[in-house]
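The entries below follow the order in which I looked things up.

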Amino acid sequence: MINFVSVSKEFKEGVTARKVKALETLSLDIKQGEIFGFLGPNGAGKSTAIKILLNLIFPDSGKATIKDTDVGDKNVRRFVGYLPENPYFYDYLTAEELLWFGGKASGMAKNDIMERSNLLLNKVQLLEARRRPLRTYSKGMVQRAGLALALIHNPEVVILDEPMSGLDPIGRKMVGDIILELKGDGKTVFFSSHILSDVERFCDKVGIIVGGKLRLTDGVDNLLKDGDTLEKVFLREVNAAGLTEVR
Ligand SMILES: Nc1ncnc2c1ncn2[C@@H]1O[C@H](COP(=O)(O)OP(=O)(O)OP(=O)(O)O)[C@@H](O)[C@H]1O
Ligand SMILES: [Mg+2]
């Protein structure tokens, strides 16, 4: 459902234009209905990979496809929902207007938007706040509004860049429940996270990336079968990569 085939991406950083290999020949194959957790330390390349999937930035080489369609094809967005790492929305919109805007942009009919918007605002617990401008929202509320926006058009593929970030334990559980519900509906979910306990709980498969290189990808059950915790596996991979500096 989601495929990276040998994707590489380099950035030039700062005044010295020092080159950073954000991704090096990343290949991944995520099947329909899978929940995939993308792990890696800060600067590992997770958001770079996600932005490539959303066609917000372009790989130097290799290619990414969703449902066998090149991510450059504009039709892909119809079946993909996306929550960015630091969601930022037009401040004067209310959550209700934000979802209305998202629904309209996805070509949904008025009644469908209203129905879906109510359902999602209820799910992310923003029904009471739905008529307040987003500028009055707390960080967690903006994050939850962003999640509702990502799901407004009932996408088959859901891509979430650190969906639990900035959420309190109740919010984290709520997002977890939504992810599990998406799984129950047969959706494919790709998300990055630093919260290993959540990843352990919700994911079928994880990938660990360090310094732009995918270190491993495996089923959670398989990784934990020898009594390891995900934290142990994660730290082992990060140490084995031998990075001297956090990026
Ligand atoms: N627009 C850019 N210009 C220059 N360098 C960039 C740019 N975007 C990302 N990078 C660099 O690419 C590398 C990967 O960054 P990326 O944002 O993908 O990491 P990440 O795994 O999402 O990290 P985090 O966990 O902190 O969100 C980092 O070294 C980062 O500094
Ligand atoms: Mg990131």
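I count two residues as in contact if their C-beta atoms, placed from the backbone, lie within 7 Å. The model is predicted, and I kept local features to pLDDT of at least 70.

**Entry 1. The four-stranded sheet.** I began with the open sheet of four strands, whose order is β2-β1-β4-β5 and whose pairing is antiparallel. I noted β2 (18-30) and β5 (69-70) at the edges; each has a single partner strand, so one side of each is left without a neighbour in the sheet.

I then looked up the helix on this sheet: α1 lies across β1, β2 and β4 and runs at about 120° to β1.

**Entry 2. Pairings of β1.** How many bridges join β1 to β2? I found nine, with the two strands running antiparallel. Within β2, Lys21 is the bridge partner of Glu10. The two strands form a hairpin with four residues between them. In its turn I recorded a positive phi of about 65° for Gly14.

On the pairing with strand β4 (residues 61-66), I recorded five bridges in the antiparallel sense for β1. Ser8 stands opposite Ser61 in β4.

**Entry 3. The six-stranded sheet.** I next examined an open sheet of six strands, with the order β6-β7-β8-β3-β9-β10 and mixed pairing. Its edge strands are β6 (80-83) and β10 (213-219), each of which pairs on one side only. I noted an average twist of 15° from one strand to the next.

In which sense do β7 and β8 pair, parallel or antiparallel? Strand β8 (residues 188-192) and β7 pair in the parallel sense, over five bridges. Val189 in β8 is the bridge partner of Val158.

Entry 4. Helix α1 (residues 46-53) lies across β3 (35-39), β7, β8 and β9 (205-210), and its direction is at about 145° to β7. Helix α5 (residues 169-184) lies across β3, β7 and β8, running at about 150° to β8.

**Entry 5. Helices α2 and α4.** I turned to helix α2 (residues 95-105) and helix α4 (residues 139-151), whose axes come within 9 Å and cross at roughly 25°. Angles under 35 degrees count as roughly parallel, and therefore α2 is roughly parallel to α4. The crossing of α2 past α4 is right-handed.

Which residues make the contact? From α2 I listed Ala95, Leu98, Leu99 and Gly102, and from α4 Ala145, Ala148 and Leu149. I sorted the residues of this contact into six nonpolar, one polar and no charged.

Entry 6. Ser6, a residue other than glycine, has a positive phi near 50°. Its place is in strand β1 (residues 2-13). Is Ser6 buried, exposed or partly exposed? I found 13 other C-beta atoms within 10 Å of Ser6, so this residue is partly exposed.

Asn154 has a positive phi of about 50° although it is not a glycine. I located Asn154 in the loop between α4 and β7 (157-161).

Key:
Residues numbered from 1 in each chain as written. Chains lettered and ligands numbered in written order. Predicted model: local features only at pLDDT ≥ 70, side-chain atom pairs only at ≥ 80, totals over all residues. Axes fitted to C-alpha atoms, helices over the stretch in contact; angles between N-to-C directions. Parallel < 35°, antiparallel > 145°, perpendicular 65-115°, else oblique. Left-handed = near helix turned anticlockwise from the far one by under 90°. Nonpolar A, V, L, I, M, F, W, Y, C, P; charged D, E, K, R; others polar. Buried ≥ 20, exposed ≤ 12 C-beta atoms within 10 Å, placed from the backbone. Pairing = 2+ DSSP bridges.
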